[in-house]
Amino acid sequence: MSNTNSTSDSQDAPQSSRKPHTSQKTEKSQASQSPQEPRRPKPMEVLREARAQLAELTGMTAESVSSFEQTDEGWALEVEVLELERVPDTMSLMASYQVELDAEGQLTGYRRVRRYERGRADARGSR
């Protein structure tokens, strides 16, 4: 019986020694994330935020993102927006907006660069 007790005691000892080790890792990982450095958002977060912010500012539905790139200042996107809904849907007016965001994903500017009917393809040789 004394062997059983010492075995259970020895099994308990490593478990209790593991707990502080785990908390030390947590403390180290929290310390590495400095509160002074802003967290760089993931690309999908940037896309979602850009669409939401543009829709809120313009009052128009952002339907898709047709281009997306990271720049020195943050992010640059081209967002396709429904400007005027018509029937049939292929006659609805769409627009491409160039959208700029800072490194944290906050919209810093936008402008319309193109307007077109949904059902029309670009002419050969143009954008």
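Reader: Let's start with Glu63: buried, exposed or partly exposed?

Author: Glu63 is partly exposed, because its relative accessible area is 31%, between the 20% and 50% cut-offs. Keep in mind that this is a predicted model.

Reader: OK, and which residue does Glu63 form a salt bridge with?

Author: With Arg118; the closest N and O atoms of the two are 3.0 Å apart. The pair links distant parts of the chain, as Glu63 sits in strand E1 and Arg118 in the segment after strand E4 (107-117), 55 residues apart.

Reader: How accessible is Arg118?

Author: Arg118 has a relative accessible area of 27%, so it counts as partly exposed.

Reader: What else does Arg118 form a salt bridge with?

Author: Asp89, with 3.3 Å between the closest N and O atoms. Asp89 is in the loop between E2 and strand E3 (93-102), so its pairing with Arg118 ties together parts that are 29 residues apart in sequence. Asp89 is partly exposed too, at 40% relative accessible area.

Reader: Which residues end up in a network, then?

Author: Glu63, Asp89 and Arg118, linked by salt bridges.

Reader: How many salt bridges does the structure hold?

Author: Five. Another one of them joins the side chains of Arg120 and Glu117, at 3.1 Å from N to O.

Reader: Are Arg120 and Glu117 buried or exposed?

Author: One of each. Arg120 is exposed, with 58% relative accessible area, while Glu117 counts as buried because its relative accessibility is 17%, under the 20% cut-off.

Reader: Switching topic: how do strands E1 and E2 pair?

Author: They run antiparallel, and eight bridges connect E1 (residues 61-70) with E2 (residues 74-84). Three residues make up the hairpin that joins E1 to E2.

Reader: What stands opposite Ser67?

Author: Glu78, in E2.

Reader: Last thing. What's the average pLDDT of the protein chain?

Author: It is 79, and 68% of the residues score at least 70. In residues 13-23, though, pLDDT is below 50, and that stretch has zero contacts in the model beyond near neighbours in sequence. Residues 25-31 likewise have pLDDT below 50, and beyond near neighbours in sequence they make zero contacts.

Reader: And what should I not read in detail?

Author: The predicted coordinates, wherever pLDDT is low.

Methods: Residues are numbered from 1 along each chain as its sequence is written. This is a predicted model: local features need pLDDT of at least 70, side-chain atom pairs count only at pLDDT 80 or more; totals for chains, interfaces and linings use all residues. Side-chain values use heavy atoms; hydrogens and water are left out. Two strands pair if DSSP finds at least two bridges between them. Helices (H or I, at least four residues) and strands (E, at least two) are DSSP runs, numbered from the N terminus. pLDDT is the predictor's confidence in each residue, from 0 to 100. Contact means heavy atoms within 4.5 Å. A salt bridge is a side-chain nitrogen of Lys or Arg within 4 Å of a carboxyl oxygen of Asp or Glu. Buried means under 20% relative accessible area, exposed over 50%, partly exposed in between (1.4 Å probe, protein chains only).
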